Amino acid sequence: MSDRRGFLGLRGGRAADEADEPDVWRVIQLARHQDRPYPLDYIERLMPEFEEIHGDRLFSDDPALVAGIGRYHDRPVAVIGHQKGRDTRERTARNFGMAGPEGYRKAMRLMDLADKLDMDLVTLIDTPGAYPGASAEERGQGGAIARSMQRMLRLTVPSVAVVIGEGSSGGALGIGVADRVVMLENTTYSVISPEGGAAILWRDAARSRDAAAAFRPTAASCYRWGIVDAVVPEPPEGAHHDYDEAARLLDGYLERTLRELRRQPPDQRRRLRRERFRRIGAYRGAPTEDGSAPAVGSGDGRSPGGE
Amino acid sequence: MPPHIHISVDRLRRRRQTTQPPASGGEGRACPECGTHFRAEELARNSRVCTSCDYHFPLSAHPRLDHLADDGTWTELWPELRPADPLRFVDLEPYPDRVERAERSGLREAIVIASMRIGGIACLAAVMDFGYLGGSMGAVVGEKLTRAADRAAERALPLIVVTASGGARMQEGVLALMQMAKTIVAVEELRAARVPLIVVLAHPTTGGVWASFASVGDVTYAEPRALIAFSGPRVIEQTTREKLPETFGRAEAQLAHGQVDAVVDRRELPDRLARVLGILRRPAEPEPGAAATWAREGRQRAARAAQALPALSKRLVGRGGPNGDAESTVHEGEDG
């Protein structure tokens, strides 16, 4: 499929800067729009043959995180995604896309399978955060997220993580440690939801707009900070206006990127994946002993260290 | 330095020299659990543990390192790393102001890396400090931990991590979140080098720190009654309207749920660490003298083998023939 528009930040595309920064609150509303396409909507369009797997083989199945295998451009592919649920009943059943330890363990099961059968891995991120519950804690919520990240770093097959809605906190990053990380145009990636941030920092959950403005969790900002490798465009009015077109635009990026990644030897891919994540972060201080690192921050010239 | 950071490093350096680390002196403290009153020195002598109810008072990074290291001797690494303000973040006050206030207490960041010996075994320690912005993990914590892991891997030194953190540092936004992945990369470097990672969970260890490097130690200890959780009790009660018991997420409960290996009293921690480091110690490297002896013997063996070579090759050629037992021939050659 051909690209309808250039992808922000890809070769030949235009780099996002602050002038392009859209209204943050509007983006947050779009990212959380109740009619936005969810993983199963993309899967239905990108891989009509899809087999969902269930259960972590330890305790239960987590409906907040769907996982399965599908046929994509004539190859088998493994897919994991946060599934929020459309109506009240489904939302409750799926825990609003807040996964528990069983979800991350199911994800790891699928990563094992992807490695075994040499399948590319695609993750679709859309969560307000991992599930905050006493039982989730008792079954090792923290460790499950940590080990899921660890498992992704060890993958021998190509992986792409796509933020398709709301990417908040460790619940999002748990399935986000991929060779390429991208965001759709109207999505967010943040350390915490604006409400959570407002409650902690302003001690007032009602100040979520202030928190949103401060966190600047938009795709443009995340691209500028070097958090994501590209921004994939959505249909003009947003992904919820045209699922087919949204899926087609994602397909254009995904297919090409997986093909590119497959050309790298697995060891090189794994090394580059580790380097990708280890260079994230802005700080001040002296260079490392061998003098190789810059004094301020890191990154690859996209200036996460401020400008 | 980015122009929006209005902190003079020189000014801070001067200030630091004149500021005492907190919680080491001053007047007494009452135990919040049993009310027993202690003089500061008295408390310090008992590793800041209540002598009557064993309540563990918070222990900041420097006294923690004094407590763990043999003879209280340690060398700090990369103290110069300081936070930047990539988001130019302002909540109730600007982030640089929070940083400046935190530094005024004598701390430089929420983690201190040091090289030391524990029970005579050389190791690296990464100790978090809840007193510096809630022990939150920003880019400096991620970077220091990564450098510590690199050095530990390079020099085959075990890495001890003591955590005390509220989680990711909100003021660094998504860049702070990404430190979770960065620290897992660091842990993977240790694995590749077959270097042990020992984690000690102090109160509190929550959020992104618990959901990253803190929960993937090779051996994991927790201090008594330390809160260990991804989501804190307040968040859980607000979200799920569950009423949580007092014991929720505490070290003892996490032990019961299989999330940690042992709950260890702080006063026993140095010995416990020394023991586990001793168990995991690799066979001693040969002494330089011994290596020279082996090398000399090796050269002699090689010379003898070279002399035996014509005969040997003849016999090897005859392998499978009437005389053929190449294995024993080679063996003889070596012993010969």
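**Notes on the domain and chain interfaces**

1. Between domain 1 of chain B and domain 2 of chain B, ten residue pairs are in polar contact, both residues at pLDDT 80 or more. A polar contact is a pair of N or O atoms within 3.5 Å; within protein, one must be able to donate a hydrogen and the other to accept it, and residues adjacent in sequence count only if both atoms are side-chain atoms. On the domain 1 side, the touching residues are five nonpolar, three polar and three charged. Ala, Val, Leu, Ile, Met, Phe, Trp, Tyr, Cys and Pro count as nonpolar, Asp, Glu, Lys and Arg as charged, and the others, Gly among them, as polar.

2. Basis. The model is predicted: local features need pLDDT of at least 70, side-chain atom pairs count only at pLDDT 80 or more, and totals for chains, interfaces and linings use all residues. Residues are numbered from 1 along each chain as its sequence is written, chains are lettered from A and ligands numbered from 1 in the order written, and side-chain values use heavy atoms, with hydrogens and water left out.

3. Domains. Chain B splits into domain 1 (27–57) and domain 2 (58–280), with bounds from an automatic or database domain assignment. Eleven residues of domain 1 of chain B and nine of domain 2 of chain B form the contact (heavy atoms within 4.5 Å).

4. Domain interface. About 900 Å² is buried between domain 1 and domain 2 of chain B, 45% of it from carbon and sulfur atoms. Buried area is the accessible area (1.4 Å probe) that two parts lose on being put together, summed over both. Two salt bridges cross this interface (a side-chain nitrogen of Lys or Arg within 4 Å of a carboxyl oxygen of Asp or Glu). B:Asp54 and B:Arg267 meet in a salt bridge at 2.9 Å, N to O.

5. Chain interface. Chain B and chain A bury about 5,300 Å², with 63% on carbon and sulfur atoms. In chain B, B:Met170, B:Met178 and B:Phe230 lose the most area to chain A, together 12% of what that side buries.

6. Three salt bridges join chain B and chain A. A:Arg154 and B:Glu188 meet in a salt bridge at 2.7 Å, N to O. α6(B) gives the most to the chain B side, with 15 residues. Helices (H or I, at least four residues) and strands (E, at least two) are DSSP runs, numbered from the N terminus.
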